[in-house]
Amino acid sequence: MNDGAITQYPYRMGDTISIAKTHWQWNQLAMEQDKDINGRSDGKSDVVVWYCLANNTLYNQSPNDVRNNYYFYSRGNVIYTGVGHSTVSNEEEIKLFINAMVAAANVTAVDPEVNFVEELNPTADIEKNRYYSTDQSAWTDGEANVLEKTMDFYVNVKDYNMVSTDLNQEDVEKQEMTLQFYIDSENGEEIQDAPVDTRLADITKNIRTLTDYNGDTINVSDDGLFHLKENNAFKLTVPEPEQYLRASGSATSGEGNGYRKDCRLYVKVTNTVYLYGEPKTSTKWAGIDLKQRQLFELN
């Protein structure tokens with residue numbers, strides 16, 4: 001009768017399935033019920049019927065009668081199923097029951113996970129530090145001193161809400177996840193929800209594109225965000241990193257300017273999901289330390 005996360009995860013169910021012998025229903029469903037968990041009405045029934053009984057002379061007289069001949073329905077994370085009246089051996093009915101348990105346990109907003117990782121792979125290890133090389137210990141105007149003209153990084157994003165947050169397909173389609181990238185910068189700004197009180201520069205537009213594990217590319221949108229539709233590992237390239245790594249007047253030698261002792265690159269993931277028609281937004285940050293590695297002159 002309906003399609004949503006409950007019929008798609010972890011198993012994708014068909015429009016019709018075979019079930020073991022079960023009983024008819026003694027009670028009608030109150031399909032007009034509209035009292036959401038926030039105490040307000042959204043104009044939609046709180047009850048969602050997913051499957052009805054069929055292939056019986058009585059049921060075929062009123063096909064897909066959700067009020068009287070329901071087999072599987074939900075209200076929030078309370079799920080009813082007609083399974084168990086007799087021994088269940090059919091694989092389809094078992095899979096649907098597993099979907100029901102997963103959906104009931106996870107119909108709530110959870111925070112996303114994001115980390116910098118060592119390679120473009122969802123199973124890669126977390127990377128906490130990245131070293132960059134400089135030709136000299138200090139920089140001077142008009143000279144490029146950092147050997148890396150660009151720096152590639154990898155982030156792994158996991159958001160369980162993307163697959164199983166809500167039982168309503170309409171709400172699932174509205175949810176989204178965005179990425180932004182920041183770096184410590186003397187010319188940056190204080191970001192209100194950042195995990196640090198240092199100045200950060202938003203470099204999302206400078207990065208321009210992400211490449212995911214499958215080789216597909218995602219371009220930054222006009223709003224300065226990367227909009228994601230699925231969990232994945234992504235590659236990003238930071239152009240001209242030297243401009244962020246320089247620190248004015250900090251060279252220990254007293255000649256010229258040095259490099260920042262503490263410089264971090266940050267990724268910010270924000271997800272918005274809809275639970276019972278209400279948007280829920282959460283944010284998670286992750287960072288990687290950028291550390292200077294000085295080349296030595298050999299005689």
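Partly exposed denotes a relative accessible area between the buried limit, under 20%, and the exposed limit, over 50%. The legends below describe a predicted model, in which a search of the whole structure finds 7 salt bridges. Three of these close contacts are presented, among them the pair formed by Lys-268 and Asp-193.

**View 1. Salt bridge between Lys-268 and Asp-193.** The side chains meet with an N to O distance of 3.0 Å. Lys-268 belongs to strand E15 (residues 263-275), whereas Asp-193 sits in the loop between strand E7 (176-189) and strand E8 (200-202), so the pair ties together parts that are 75 residues apart in sequence. Asp-193 has a relative accessible area of 36% and is therefore partly exposed. Lys-268, at 11% relative accessibility, counts as buried, because the cut-off for that class is under 20%.

**View 2. Salt bridge between Arg-264 and Asp-289.** The closest N and O atoms of the two residues are 2.8 Å apart. Distant parts of the chain are linked here: Arg-264 lies in strand E15 and Asp-289 in strand E16 (residues 278-294), 25 residues apart. Arg-264 is partly exposed, its relative accessible area being 25%. Asp-289 is likewise partly exposed, with a value of 22%.

**View 3. Salt bridge between Asp-152 and Lys-235.** The two side chains meet at 3.7 Å, N to O. Asp-152 in strand E6 (residues 150-158) and Lys-235 in strand E12 (residues 232-239) are 83 residues apart, and the pair links distant parts of the chain. Asp-152 is partly exposed at a relative accessible area of 28%. Lys-235 also counts as partly exposed, at 28% relative accessibility.

Key. Residues are numbered from 1 along each chain as its sequence is written. This is a predicted model: local features need pLDDT of at least 70, side-chain atom pairs count only at pLDDT 80 or more; totals for chains, interfaces and linings use all residues. Side-chain values use heavy atoms; hydrogens and water are left out. A salt bridge is a side-chain nitrogen of Lys or Arg within 4 Å of a carboxyl oxygen of Asp or Glu. Helices (H or I, at least four residues) and strands (E, at least two) are DSSP runs, numbered from the N terminus. Buried means under 20% relative accessible area, exposed over 50%, partly exposed in between (1.4 Å probe, protein chains only).
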